[in-house]
Amino acid sequence: MAAAPPLLTSLPYSQYSRMPRFYVVYDVAWALAALGLSAALIGSGYQAPVQTWAWWLPLLLPVAIYLAITAHVFIHNASHGNFPKPVNRIVGEICGIVVLSKFASWEIMHRRHHRH
């Protein structure tokens with residue numbers, strides 16, 4: 001099995017320190033991915049699973065809160081490199097989607113927080 005490219009496995013801070021335009025490249029890649037996903041969903045006629053209010057929706061709130069807190073913990077651990085090296089970036093990017101923050105922005109600012 002071929003190893004994943006360093007772009008997908010190394011943490012954003014190391015890429016940012018090597019490439020000054022990292023943020024621009026990263027944000028453009030995320031914007032293109034979001035536009036592509038949106039176009040695919042619209043083109044396929046995707047419908048949300050819940051179209052109208054349902055009495056049981058508030059019962060999902062504790063689950064949503066738990067998942068959000070867990071995603072914050074995981075993105076924090078990924079930014080410190082606590083998962084196996086090839087997995088840190090993937091976990092961070094997925095958890096970044098859940099917490100509505102791109103992983104690179106979170107990780108770079110968190111490193112600066114520890115430095116200062």
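## A walk through the helices

Let's start inside helix α5, where E93 and R89 sit four residues apart, about one turn of the helix. Helices here are DSSP runs of H or I with at least four residues, and they are numbered from the N terminus. What you are looking at is a predicted model, so local features need pLDDT of at least 70, side-chain atom pairs count only at pLDDT 80 or more, and totals for chains, interfaces and linings use all residues. Residues are numbered from 1 along each chain as its sequence is written, and side-chain values use heavy atoms, with hydrogens and water left out.

Back to our pair. E93 and R89 form a salt bridge, with their closest N and O atoms 2.8 Å apart. The term salt bridge means that a side-chain nitrogen of Lys or Arg is within 4 Å of a carboxyl oxygen of Asp or Glu. Are these two residues buried or exposed? E93 has 14% relative accessibility, so it counts as buried, and R89 is buried too, with a relative accessible area of 6%. The cut-offs are simple: buried is under 20% relative accessible area, exposed is over 50%, and partly exposed is in between, using a 1.4 Å probe and protein chains only.

How many salt bridges are there by this rule? The count comes to three. Another one joins the side chains of E107 and R111, at 3.0 Å from N to O. These two are four residues apart in helix α6, so about one helical turn separates them. E107 is buried, at a relative accessible area of 0%, whereas R111 is partly exposed at 32%.

The salt bridge between K102 and D27 has an N to O distance of 2.9 Å. K102 is in the loop between α5 and α6 while D27 is in helix α3, so this pair ties together parts that are 75 residues apart in sequence. K102 is partly exposed, with a relative accessible area of 31%, and D27 also counts as partly exposed, at 30%.

While you're in the loop between α5 and α6, look for L100. Its phi is near 60 degrees, which is a positive value in a residue other than glycine. Most residues other than glycine have a negative phi. L100 is exposed, with a relative accessible area of 78%.

Which residues of α4 and α5 touch each other? First, the layout: the axes of α4 and helix α5 (residues 85-98) come within 8 Å and cross at roughly 145 degrees. Axes are lines fitted to C-alpha atoms, for helices over the stretch in contact, and angles run from 0 to 180 degrees between N-to-C directions. The contact involves L67, A71, F74, I75, N77 and A78 from α4, and N88, V91, G92, C95, G96 and V98 from α5. Contact, by the way, means heavy atoms within 4.5 Å.

Helix α4 also packs against helix α6 (residues 103-115), here at an angle of about 65 degrees with the axes 10 Å apart. On the α4 side you'll find I75, H76, A78 and S79, which meet F103, W106, E107, H110 and R111 of α6.

Stay in helix α6 to find I108. I108 is buried, with a relative accessible area of 0%. Leaving aside its neighbours within four places in sequence, I108 is in contact with P12, Y13, Y16, F22 and Y23.

Next, hop to S10, in the loop between α1 (6-9) and α2 (12-18). S10 is buried, at a relative accessible area of 12%. Skipping neighbours within four places in sequence, S10 is in contact with Q15, R18 and R89.

Finally, come out to the surface. V50, W55, W56, L59 and L60 form a nonpolar patch there, with about 550 Å² of accessible area together. Patches are made of residues with over 30% relative accessible area and no salt bridge, joining like charges within 9 Å and nonpolar side chains (Val, Leu, Ile, Met, Phe, Trp, Tyr) within 5 Å. Accessible areas come from the Shrake-Rupley method with a 1.4 Å probe, and for residues, only the protein chains shown count as cover. One member of the patch, W55, is in the loop between α3 (22-44) and α4 (61-79). At 68% relative accessibility, W55 counts as exposed.
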